[in-house]
Amino acid sequence: MIGNVEKRCIDIGHYIIETKATVRQAAVVFGISKSTVHNDVTKRLSEINPLLCSEVKEVLEENKAQRHIRGGLATKEKYNRIKRDNNV
């Protein structure tokens, strides 16, 4: 089981770096919870591969800085969709 957890941490780390994915997106792809992804890439990965962990941290910090923008765009799209549906 431990080997599987370590491999999962590394796989998630590489996925986040390659795709610039958010924790939520990675959780969906790997079929695990957001909490597990977060623990894997912050706590466990720092012990397994500190260099990879620092690269993942950079991506996550970038995502965190942009989340208010993505949230606003999602809300805007939601209300545009509602407006379109009501006009049909």
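I counted secondary structure in this predicted model: four helices and zero strands, with helices taken as DSSP runs of H or I of at least four residues, strands as E runs of at least two, numbered from the N terminus. From the N terminus I read α-α-α-α. The radius of gyration, over C-alpha atoms, is 16 Å, well over the 12 Å that the globule rule (2.2 Å times the number of residues to the power 0.38) gives for 88 residues, so the chain is more spread out than a compact globule. I read a C-alpha span of about 55 × 25 × 20 Å along the principal axes.

My conventions: residues are numbered from 1 along each chain as its sequence is written. Local features need pLDDT of at least 70, side-chain atom pairs count only at pLDDT 80 or more, totals for chains, interfaces and linings use all residues, and side-chain values use heavy atoms, with hydrogens and water left out.

Next I checked burial (buried under 20% relative accessible area, exposed over 50%, partly exposed in between; 1.4 Å probe, protein chains only). Of the 88 residues, 23% count as buried.

Then I looked at helix 2, residues 23-30. V23, A26 and A27 are its buried residues.

Last, contacts (heavy atoms within 4.5 Å). Among those between residues at least 6 apart in sequence, 55% join residues at least 24 apart.
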